[in-house]
Amino acid sequence: MLNVRLPTDLLSQIQTSSTDSTHLVVGAGLAGCLLAWRLQQRGAPFRLIGSTAMPSAFSVAAGVINPVTGRWMTKSWNFDHLLPAAEATYRDIEQPLGLNIYHPIPELRFCQNADDVKRVGRRMRNPRYQDVLGDFHEAAHAAPQFNDPHGSFDINQAAYVDLPTLVRALRKVFKEQCLFQDEVFEHAQLKRDGDGWKYKALRADKVIFCEGAAHRANPWFKELPLKPAKGETLLCQSPTLQLPPKLFHHTKWFLPYPDGSFRIGATYDEADLTAEPTEARKNELLDAAKGALKAPHEIQITAHLAGIRPSTVDSRPIVGAHPKEPGLYVLNGLGSKGASTAPNMTTQLVEHLLDGRPLDPEVDLARYSD
Ligand SMILES: Cc1cc2nc3c(=O)[nH]c(=O)nc-3n(C[C@H](O)[C@H](O)[C@H](O)COP(=O)(O)OP(=O)(O)OC[C@H]3O[C@@H](n4cnc5c(N)ncnc54)[C@H](O)[C@@H]3O)c2cc1C
(Lines give C-alpha, C1' and ligand atoms only; values in the text may rest on other atoms or scores of the structure.)
Protein backbone atom coordinates (compact mmCIF):
# COMPACT_ATOMS: atom_id res chain seq x y z
CA MET A 1 0.00 0.00 0.00
CA LEU A 2 1.26 3.46 -0.84
CA ASN A 3 1.96 5.58 2.21
CA VAL A 4 1.13 9.06 0.93
CA ARG A 5 1.85 11.93 3.29
CA LEU A 6 -0.76 14.64 2.89
CA PRO A 7 0.10 18.30 3.48
CA THR A 8 -0.92 19.24 7.03
CA ASP A 9 -3.47 21.85 5.86
CA LEU A 10 -5.25 19.39 3.61
CA LEU A 11 -5.23 16.67 6.26
CA SER A 12 -6.64 19.15 8.76
CA GLN A 13 -9.49 20.07 6.38
CA ILE A 14 -10.33 16.43 5.77
CA GLN A 15 -10.26 15.58 9.46
CA THR A 16 -12.27 18.67 10.38
CA SER A 17 -15.10 17.56 8.14
CA SER A 18 -14.97 13.91 9.21
CA THR A 19 -17.77 12.46 11.31
CA ASP A 20 -15.81 10.25 13.71
CA SER A 21 -14.94 12.82 16.37
CA THR A 22 -16.99 11.84 19.38
CA HIS A 23 -15.36 14.14 21.95
CA LEU A 24 -14.88 17.82 21.39
CA VAL A 25 -12.65 19.37 24.06
CA VAL A 26 -12.91 23.16 24.31
CA GLY A 27 -10.00 25.06 25.88
CA ALA A 28 -6.43 23.89 25.38
CA GLY A 29 -5.03 24.79 28.79
CA LEU A 30 -3.93 22.42 31.52
CA ALA A 31 -7.32 20.71 31.93
CA GLY A 32 -8.12 20.49 28.21
CA CYS A 33 -4.71 19.19 27.12
CA LEU A 34 -4.52 16.58 29.88
CA LEU A 35 -8.07 15.46 29.11
CA ALA A 36 -7.24 15.13 25.41
CA TRP A 37 -4.11 13.17 26.28
CA ARG A 38 -6.10 10.77 28.45
CA LEU A 39 -8.72 10.29 25.73
CA GLN A 40 -5.93 9.47 23.31
CA GLN A 41 -4.41 6.99 25.76
CA ARG A 42 -7.76 5.21 25.83
CA GLY A 43 -8.02 5.27 22.02
CA ALA A 44 -11.09 7.53 22.13
CA PRO A 45 -11.50 9.94 19.22
CA PHE A 46 -11.33 13.61 20.12
CA ARG A 47 -10.75 17.05 18.74
CA LEU A 48 -9.26 19.88 20.80
CA ILE A 49 -10.11 23.51 20.12
CA GLY A 50 -8.40 26.30 22.01
CA SER A 51 -6.86 29.66 21.39
CA THR A 52 -3.18 30.23 22.04
CA ALA A 53 -3.89 33.98 21.81
CA MET A 54 -6.37 34.08 24.71
CA PRO A 55 -5.22 34.53 28.33
CA SER A 56 -4.68 31.40 30.39
CA ALA A 57 -3.72 30.49 33.94
CA PHE A 58 -1.33 27.61 33.15
CA SER A 59 1.04 29.95 31.29
CA VAL A 60 1.75 32.05 34.40
CA ALA A 61 1.50 29.34 37.07
CA ALA A 62 4.49 28.15 39.06
CA GLY A 63 2.96 24.67 39.03
CA VAL A 64 3.80 24.08 42.68
CA ILE A 65 2.31 21.07 44.39
CA ASN A 66 2.21 22.06 48.01
CA PRO A 67 1.31 19.40 50.60
CA VAL A 68 0.55 21.91 53.40
CA THR A 69 -1.10 25.20 52.58
CA GLY A 70 -2.78 28.31 53.85
CA ARG A 71 -2.77 30.25 57.05
CA TRP A 72 -3.99 27.19 58.99
CA MET A 73 -1.24 24.99 57.55
CA THR A 74 -3.65 22.25 56.59
CA LYS A 75 -2.84 19.26 54.46
CA SER A 76 -4.06 19.91 50.93
CA TRP A 77 -7.42 18.32 50.09
CA ASN A 78 -7.08 14.66 49.08
CA PHE A 79 -3.31 15.06 48.90
CA ASP A 80 -2.54 11.39 49.64
CA HIS A 81 -4.49 10.34 46.53
CA LEU A 82 -3.76 13.28 44.28
CA LEU A 83 0.03 13.34 44.57
CA PRO A 84 0.73 9.78 43.36
CA ALA A 85 -1.75 10.26 40.49
CA ALA A 86 -0.09 13.54 39.53
CA GLU A 87 3.45 12.22 39.63
CA ALA A 88 2.53 9.10 37.63
CA THR A 89 0.75 11.19 34.99
CA TYR A 90 3.55 13.69 34.49
CA ARG A 91 6.16 10.91 34.39
CA ASP A 92 4.08 9.05 31.78
CA ILE A 93 4.03 12.14 29.60
CA GLU A 94 7.67 13.08 30.14
CA GLN A 95 9.22 9.98 28.64
CA PRO A 96 7.60 9.73 25.20
CA LEU A 97 7.66 13.49 24.70
CA GLY A 98 11.24 13.91 25.89
CA LEU A 99 10.24 16.42 28.57
CA ASN A 100 11.54 17.15 32.05
CA ILE A 101 8.57 18.76 33.74
CA TYR A 102 8.06 17.14 37.16
CA HIS A 103 10.48 18.38 39.80
CA PRO A 104 10.30 17.24 43.43
CA ILE A 105 11.73 20.00 45.63
CA PRO A 106 12.27 20.38 49.38
CA GLU A 107 10.22 23.17 50.95
CA LEU A 108 10.98 25.41 53.89
CA ARG A 109 8.16 27.45 55.40
CA PHE A 110 8.89 30.33 57.78
CA CYS A 111 6.62 30.90 60.77
CA GLN A 112 5.35 34.47 60.77
CA ASN A 113 4.47 34.72 64.48
CA ALA A 114 4.13 32.77 67.72
CA ASP A 115 0.70 31.42 66.67
CA ASP A 116 2.28 29.80 63.61
CA VAL A 117 4.84 28.11 65.86
CA LYS A 118 2.09 26.68 68.09
CA ARG A 119 0.05 25.61 65.07
CA VAL A 120 2.87 23.75 63.37
CA GLY A 121 3.73 22.11 66.69
CA ARG A 122 0.18 20.73 66.84
CA ARG A 123 0.35 19.57 63.24
CA MET A 124 3.65 17.81 63.90
CA ARG A 125 2.01 15.79 66.65
CA ASN A 126 -0.83 14.77 64.33
CA PRO A 127 -0.15 11.38 62.66
CA ARG A 128 -1.87 12.54 59.46
CA TYR A 129 0.91 15.06 58.94
CA GLN A 130 3.87 12.73 59.59
CA ASP A 131 4.60 12.17 55.91
CA VAL A 132 4.50 15.83 54.93
CA LEU A 133 6.06 17.68 57.86
CA GLY A 134 9.75 17.37 58.68
CA ASP A 135 11.92 19.11 61.26
CA PHE A 136 11.25 22.39 63.03
CA HIS A 137 14.23 24.79 62.94
CA GLU A 138 14.79 27.37 65.67
CA ALA A 139 14.94 31.02 64.58
CA ALA A 140 17.77 31.87 62.18
CA HIS A 141 18.93 28.26 61.88
CA ALA A 142 17.70 27.08 58.48
CA ALA A 143 18.36 29.59 55.71
CA PRO A 144 20.99 32.33 56.04
CA GLN A 145 19.48 34.40 53.19
CA PHE A 146 16.17 34.98 55.01
CA ASN A 147 14.86 36.90 57.99
CA ASP A 148 13.70 34.21 60.34
CA PRO A 149 12.70 35.52 63.79
CA HIS A 150 10.14 32.79 64.57
CA GLY A 151 11.72 29.65 63.17
CA SER A 152 10.83 27.53 60.18
CA PHE A 153 9.91 23.97 59.29
CA ASP A 154 10.49 21.48 56.49
CA ILE A 155 7.64 20.36 54.27
CA ASN A 156 8.18 17.06 52.49
CA GLN A 157 6.74 15.84 49.19
CA ALA A 158 6.48 19.24 47.52
CA ALA A 159 7.13 19.48 43.79
CA TYR A 160 6.67 21.85 40.89
CA VAL A 161 5.47 21.05 37.41
CA ASP A 162 6.55 23.07 34.39
CA LEU A 163 2.99 23.63 33.19
CA PRO A 164 3.77 25.94 30.22
CA THR A 165 6.21 23.38 28.76
CA LEU A 166 3.73 20.55 29.32
CA VAL A 167 0.78 22.31 27.69
CA ARG A 168 2.77 23.66 24.76
CA ALA A 169 4.27 20.22 24.09
CA LEU A 170 0.86 18.51 24.11
CA ARG A 171 -0.62 21.20 21.87
CA LYS A 172 2.26 20.70 19.43
CA VAL A 173 1.77 16.92 19.31
CA PHE A 174 -1.98 17.25 18.79
CA LYS A 175 -1.46 19.92 16.15
CA GLU A 176 0.92 17.66 14.24
CA GLN A 177 -1.77 14.96 14.40
CA CYS A 178 -4.32 17.52 13.16
CA LEU A 179 -6.32 17.07 16.36
CA PHE A 180 -5.80 20.59 17.74
CA GLN A 181 -7.32 23.67 16.18
CA ASP A 182 -5.87 26.94 17.38
CA GLU A 183 -8.87 29.24 17.34
CA VAL A 184 -11.36 31.02 19.58
CA PHE A 185 -14.34 28.75 20.14
CA GLU A 186 -17.57 30.51 19.17
CA HIS A 187 -20.31 29.20 21.44
CA ALA A 188 -23.05 30.47 19.12
CA GLN A 189 -21.83 28.02 16.47
CA LEU A 190 -22.45 24.97 18.67
CA LYS A 191 -25.82 23.49 17.77
CA ARG A 192 -27.68 20.39 18.85
CA ASP A 193 -27.59 17.70 16.15
CA GLY A 194 -29.73 14.67 16.94
CA ASP A 195 -28.17 12.92 19.94
CA GLY A 196 -25.01 14.95 19.65
CA TRP A 197 -23.69 18.38 18.80
CA LYS A 198 -22.40 20.11 15.70
CA TYR A 199 -19.72 22.77 15.70
CA LYS A 200 -19.22 24.19 12.22
CA ALA A 201 -18.24 21.09 10.14
CA LEU A 202 -17.46 18.99 13.20
CA ARG A 203 -19.86 16.54 14.82
CA ALA A 204 -19.35 15.44 18.40
CA ASP A 205 -21.32 13.17 20.70
CA LYS A 206 -19.87 14.90 23.73
CA VAL A 207 -18.52 18.40 24.20
CA ILE A 208 -16.33 19.03 27.23
CA PHE A 209 -15.64 22.60 28.25
CA CYS A 210 -12.25 23.23 29.91
CA GLU A 211 -12.25 27.00 29.67
CA GLY A 212 -10.87 28.03 33.03
CA ALA A 213 -11.82 31.55 34.08
CA ALA A 214 -13.20 32.30 30.59
CA HIS A 215 -16.28 30.17 31.42
CA ARG A 216 -18.38 33.32 31.75
CA ALA A 217 -18.65 33.50 27.94
CA ASN A 218 -20.17 30.02 27.87
CA PRO A 219 -23.98 30.19 27.72
CA TRP A 220 -24.36 26.67 29.22
CA PHE A 221 -21.88 26.96 32.06
CA LYS A 222 -21.65 30.67 32.84
CA GLU A 223 -23.45 30.15 36.16
CA LEU A 224 -20.79 27.80 37.55
CA PRO A 225 -20.05 28.82 41.15
CA LEU A 226 -16.56 30.03 40.36
CA LYS A 227 -14.80 32.62 42.48
CA PRO A 228 -11.99 33.64 40.12
CA ALA A 229 -8.89 35.16 41.64
CA LYS A 230 -6.20 37.04 39.77
CA GLY A 231 -2.59 36.25 40.55
CA GLU A 232 0.67 37.89 39.55
CA THR A 233 4.22 36.54 39.72
CA LEU A 234 7.70 37.84 38.94
CA LEU A 235 10.47 35.94 37.18
CA CYS A 236 13.72 37.34 38.49
CA GLN A 237 17.47 37.11 38.55
CA SER A 238 19.98 38.69 40.87
CA PRO A 239 23.74 39.11 40.68
CA THR A 240 23.96 38.74 44.48
CA LEU A 241 21.21 36.35 45.56
CA GLN A 242 21.94 32.68 44.99
CA LEU A 243 19.31 30.35 46.37
CA PRO A 244 19.76 26.61 46.89
CA PRO A 245 17.20 24.31 45.20
CA LYS A 246 14.46 24.68 47.77
CA LEU A 247 11.01 26.27 47.76
CA PHE A 248 11.14 29.06 50.35
CA HIS A 249 7.75 30.04 51.69
CA HIS A 250 7.84 33.38 53.57
CA THR A 251 4.88 35.78 53.31
CA LYS A 252 5.34 35.14 49.57
CA TRP A 253 7.31 32.23 48.12
CA PHE A 254 10.60 32.05 46.24
CA LEU A 255 11.03 29.22 43.72
CA PRO A 256 14.64 28.90 42.46
CA TYR A 257 15.32 27.38 39.03
CA PRO A 258 18.43 25.42 38.00
CA ASP A 259 19.73 28.29 35.82
CA GLY A 260 20.01 30.59 38.86
CA SER A 261 16.85 32.55 38.15
CA PHE A 262 13.93 32.43 40.57
CA ARG A 263 10.24 33.20 40.76
CA ILE A 264 8.48 35.24 43.42
CA GLY A 265 4.76 34.72 43.90
CA ALA A 266 1.99 35.06 44.03
CA THR A 267 -0.57 37.77 44.67
CA TYR A 268 -4.27 37.10 45.22
CA ASP A 269 -7.02 39.43 44.09
CA GLU A 270 -10.73 38.71 43.67
CA ALA A 271 -11.64 42.30 42.76
CA ASP A 272 -9.45 43.07 39.75
CA LEU A 273 -10.05 40.37 37.15
CA THR A 274 -8.30 42.10 34.25
CA ALA A 275 -5.67 40.12 32.37
CA GLU A 276 -2.83 42.63 32.68
CA PRO A 277 -0.08 42.70 35.31
CA THR A 278 -0.16 45.78 37.55
CA GLU A 279 2.45 48.06 39.07
CA ALA A 280 0.78 47.79 42.48
CA ARG A 281 1.07 43.99 42.63
CA LYS A 282 4.63 44.10 41.33
CA ASN A 283 5.48 46.39 44.23
CA GLU A 284 3.62 44.11 46.66
CA LEU A 285 5.80 41.19 45.56
CA LEU A 286 9.03 43.21 45.65
CA ASP A 287 8.20 44.62 49.10
CA ALA A 288 7.50 41.11 50.38
CA ALA A 289 10.81 39.93 48.93
CA LYS A 290 12.68 42.79 50.58
CA GLY A 291 11.01 42.03 53.89
CA ALA A 292 11.89 38.35 53.64
CA LEU A 293 15.53 38.74 52.67
CA LYS A 294 18.14 39.48 55.32
CA ALA A 295 20.44 41.60 53.13
CA PRO A 296 19.51 44.02 50.35
CA HIS A 297 19.80 42.45 46.88
CA GLU A 298 19.51 43.81 43.39
CA ILE A 299 16.52 42.00 41.90
CA GLN A 300 16.12 42.20 38.13
CA ILE A 301 12.66 41.34 36.83
CA THR A 302 12.78 39.36 33.60
CA ALA A 303 9.03 38.78 33.35
CA HIS A 304 5.94 40.00 35.20
CA LEU A 305 2.99 37.70 34.59
CA ALA A 306 -0.69 37.78 35.50
CA GLY A 307 -3.50 35.25 35.17
CA ILE A 308 -6.86 34.31 36.64
CA ARG A 309 -7.19 31.22 38.81
CA PRO A 310 -10.49 29.41 38.23
CA SER A 311 -11.22 28.99 41.93
CA THR A 312 -14.55 27.79 43.31
CA VAL A 313 -16.69 28.77 46.27
CA ASP A 314 -16.07 25.43 48.02
CA SER A 315 -12.43 25.08 46.89
CA ARG A 316 -13.16 21.86 45.01
CA PRO A 317 -12.88 21.22 41.28
CA ILE A 318 -16.06 21.01 39.21
CA VAL A 319 -16.47 18.03 36.90
CA GLY A 320 -19.49 16.53 35.22
CA ALA A 321 -22.49 16.66 32.98
CA HIS A 322 -24.77 19.62 32.33
CA PRO A 323 -27.98 18.98 34.30
CA LYS A 324 -30.29 19.67 31.35
CA GLU A 325 -28.30 19.44 28.10
CA PRO A 326 -27.23 15.86 27.35
CA GLY A 327 -23.75 15.64 25.85
CA LEU A 328 -22.37 18.80 27.45
CA TYR A 329 -19.73 18.44 30.18
CA VAL A 330 -17.44 20.67 32.17
CA LEU A 331 -14.02 20.34 33.78
CA ASN A 332 -13.18 23.51 35.66
CA GLY A 333 -12.59 24.97 39.11
CA LEU A 334 -9.01 23.77 39.45
CA GLY A 335 -8.30 26.99 41.35
CA SER A 336 -4.74 27.43 42.51
CA LYS A 337 -4.07 23.69 42.58
CA GLY A 338 -4.38 22.55 38.98
CA ALA A 339 -0.95 20.89 38.96
CA SER A 340 -2.03 18.40 41.63
CA THR A 341 -5.75 18.06 40.81
CA ALA A 342 -5.88 18.00 36.98
CA PRO A 343 -4.37 14.50 36.61
CA ASN A 344 -6.97 12.84 38.87
CA MET A 345 -9.88 14.97 37.61
CA THR A 346 -9.12 14.06 33.99
CA THR A 347 -8.90 10.36 34.91
CA GLN A 348 -12.26 10.54 36.66
CA LEU A 349 -13.89 12.36 33.78
CA VAL A 350 -12.55 9.99 31.12
CA GLU A 351 -13.70 6.96 33.11
CA HIS A 352 -17.08 8.63 33.50
CA LEU A 353 -17.35 9.44 29.79
CA LEU A 354 -16.11 6.10 28.47
CA ASP A 355 -17.09 3.61 31.18
CA GLY A 356 -20.00 5.32 32.90
CA ARG A 357 -18.13 5.28 36.20
CA PRO A 358 -19.62 7.68 38.76
CA LEU A 359 -17.69 10.81 39.65
CA ASP A 360 -16.52 11.53 43.18
CA PRO A 361 -19.56 13.35 44.65
CA GLU A 362 -17.20 15.92 46.16
CA VAL A 363 -16.24 17.17 42.69
CA ASP A 364 -19.34 16.25 40.68
CA LEU A 365 -21.14 19.29 39.27
CA ALA A 366 -24.34 17.59 40.47
CA ARG A 367 -23.49 18.62 44.04
CA TYR A 368 -24.89 22.06 43.23
CA SER A 369 -28.25 20.73 42.02
CA ASP A 370 -31.27 20.88 44.29
C1 LIG B 1 -0.41 33.58 39.26
C2 LIG B 1 -0.85 32.16 39.30
C3 LIG B 1 -0.08 31.23 39.95
C4 LIG B 1 -0.48 29.90 39.98
N5 LIG B 1 0.32 29.00 40.62
C6 LIG B 1 -0.05 27.71 40.68
C7 LIG B 1 0.77 26.76 41.32
O8 LIG B 1 1.85 27.08 41.83
N9 LIG B 1 0.33 25.47 41.38
C10 LIG B 1 -0.84 25.08 40.80
O11 LIG B 1 -1.19 23.90 40.87
N12 LIG B 1 -1.64 25.96 40.16
C13 LIG B 1 -1.27 27.25 40.10
N14 LIG B 1 -2.07 28.15 39.46
C15 LIG B 1 -3.39 27.70 38.99
C16 LIG B 1 -3.32 26.94 37.65
O17 LIG B 1 -2.78 27.78 36.69
C18 LIG B 1 -4.73 26.52 37.29
O19 LIG B 1 -5.24 25.63 38.29
C20 LIG B 1 -4.82 25.78 35.94
O21 LIG B 1 -4.11 26.44 34.95
C22 LIG B 1 -6.27 25.65 35.53
O23 LIG B 1 -6.31 24.96 34.31
P24 LIG B 1 -7.49 25.19 33.27
O25 LIG B 1 -7.15 24.39 32.06
O26 LIG B 1 -8.79 24.98 33.94
O27 LIG B 1 -7.42 26.76 32.93
P28 LIG B 1 -6.36 27.51 32.01
O29 LIG B 1 -4.98 27.04 32.32
O30 LIG B 1 -6.64 28.97 32.16
O31 LIG B 1 -6.73 27.04 30.54
C32 LIG B 1 -7.96 27.35 29.94
C33 LIG B 1 -7.69 27.52 28.46
O34 LIG B 1 -8.92 27.61 27.76
C35 LIG B 1 -8.79 28.60 26.78
N36 LIG B 1 -10.13 29.09 26.40
C37 LIG B 1 -11.11 29.51 27.21
N38 LIG B 1 -12.18 29.88 26.50
C39 LIG B 1 -11.87 29.68 25.19
C40 LIG B 1 -12.56 29.88 23.98
N41 LIG B 1 -13.81 30.37 23.92
N42 LIG B 1 -11.92 29.57 22.82
C43 LIG B 1 -10.66 29.08 22.83
N44 LIG B 1 -9.96 28.86 23.96
C45 LIG B 1 -10.55 29.17 25.13
C46 LIG B 1 -7.95 29.67 27.47
O47 LIG B 1 -7.38 30.54 26.53
C48 LIG B 1 -6.91 28.79 28.15
O49 LIG B 1 -5.84 28.50 27.29
C50 LIG B 1 -1.70 29.49 39.38
C51 LIG B 1 -2.45 30.43 38.70
C52 LIG B 1 -2.06 31.75 38.65
C53 LIG B 1 -2.90 32.74 37.92
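**The whole protein**

Start with the cartoon view: the secondary structure here comes to seven helices and 22 strands. Keep in mind as you go that this is a predicted model.

Along its principal axes, the C-alpha trace spans about 70 × 45 × 40 Å. The radius of gyration is 22 Å, which agrees with the value near 21 Å that a compact globule of 370 residues would have. Of those 370 residues, 42% count as buried. Looking at contacts with a separation of 6 or more, 73% of them are between residues 24 or more positions apart.

**Two domains**

Next, colour by domain. Select 20-60 + 163-225 + 314-368 for domain 1, and 106-158 + 227-311 for domain 2. Their centres, taken over C-alpha atoms, are separated by 32 Å. Where they meet, domain 1 puts in 12 residues and domain 2 puts in 10. On the domain 1 side of that contact you'll find five nonpolar residues, seven polar ones and no charged ones.

**Around the ligand**

Which residues are closest to the ligand? Select Gly27, Gly29, Gly212, Gly231 and Gly338 to see them; in total, 40 residues surround the ligand. Colour that shell by residue type and you get 19 nonpolar, 17 polar and four charged residues.

**Into the core**

The largest nonpolar core has 96 residues, and Leu35 and Val161 are the members that touch the most others. H2 provides the largest share of this core, with eight residues. Both domains take part here too, with at least three residues drawn from domain 1 and at least three from domain 2.

Centre the view on Val161. What is Val161 in contact with, once neighbours within four places in sequence are left aside? Show Gly63, Ile65, Tyr90, Ile101, Tyr102, Leu166 and Ala339, and you have the list.

**A stop at Trp37**

Go back to helix H2 and pick out Trp37. Is Trp37 buried or exposed? It is buried, because 23 other C-beta atoms lie within 10 Å and 20 or more is enough to count. Leaving aside neighbours within four places in sequence, Trp37 is in contact with Ile93 and Leu170.

**Two loops to finish**

Select Met73, in the loop between strand S4 (68-69) and strand S5 (74-75). Check the backbone there: phi of Met73 is near 55°, a positive value in a residue other than glycine. Met73 counts as partly exposed, because it has 18 C-beta neighbours inside 10 Å.

For the last stop, jump to Cys178, in the loop between helix H5 (163-176) and strand S11 (180-182). Cys178 is not a glycine either, yet its phi is positive, at about 60°. With 18 other C-beta atoms within 10 Å, Cys178 is partly exposed.

Notes:
Residues are numbered from 1 along each chain as its sequence is written. This is a predicted model: local features need pLDDT of at least 70, side-chain atom pairs count only at pLDDT 80 or more; totals for chains, interfaces and linings use all residues. A residue is near a molecule or strand if its C-beta atom, placed from the backbone, lies within 6 Å of it. Ala, Val, Leu, Ile, Met, Phe, Trp, Tyr, Cys and Pro count as nonpolar, Asp, Glu, Lys and Arg as charged, and the others, Gly among them, as polar. A nonpolar core is a set of buried Ala, Val, Leu, Ile, Met, Phe, Trp, Tyr and Cys residues joined through C-beta atoms within 7 Å. A residue is buried if 20 or more other C-beta atoms lie within 10 Å of its own, exposed if 12 or fewer, and partly exposed in between; C-beta atoms are placed from the backbone. Helices (H or I, at least four residues) and strands (E, at least two) are DSSP runs, numbered from the N terminus. Domain bounds come from an automatic or database domain assignment. Two residues are in contact if their C-beta atoms, placed from the backbone, lie within 7 Å. The radius of gyration is taken over C-alpha atoms; the globule rule is 2.2 Å times the number of residues to the power 0.38.
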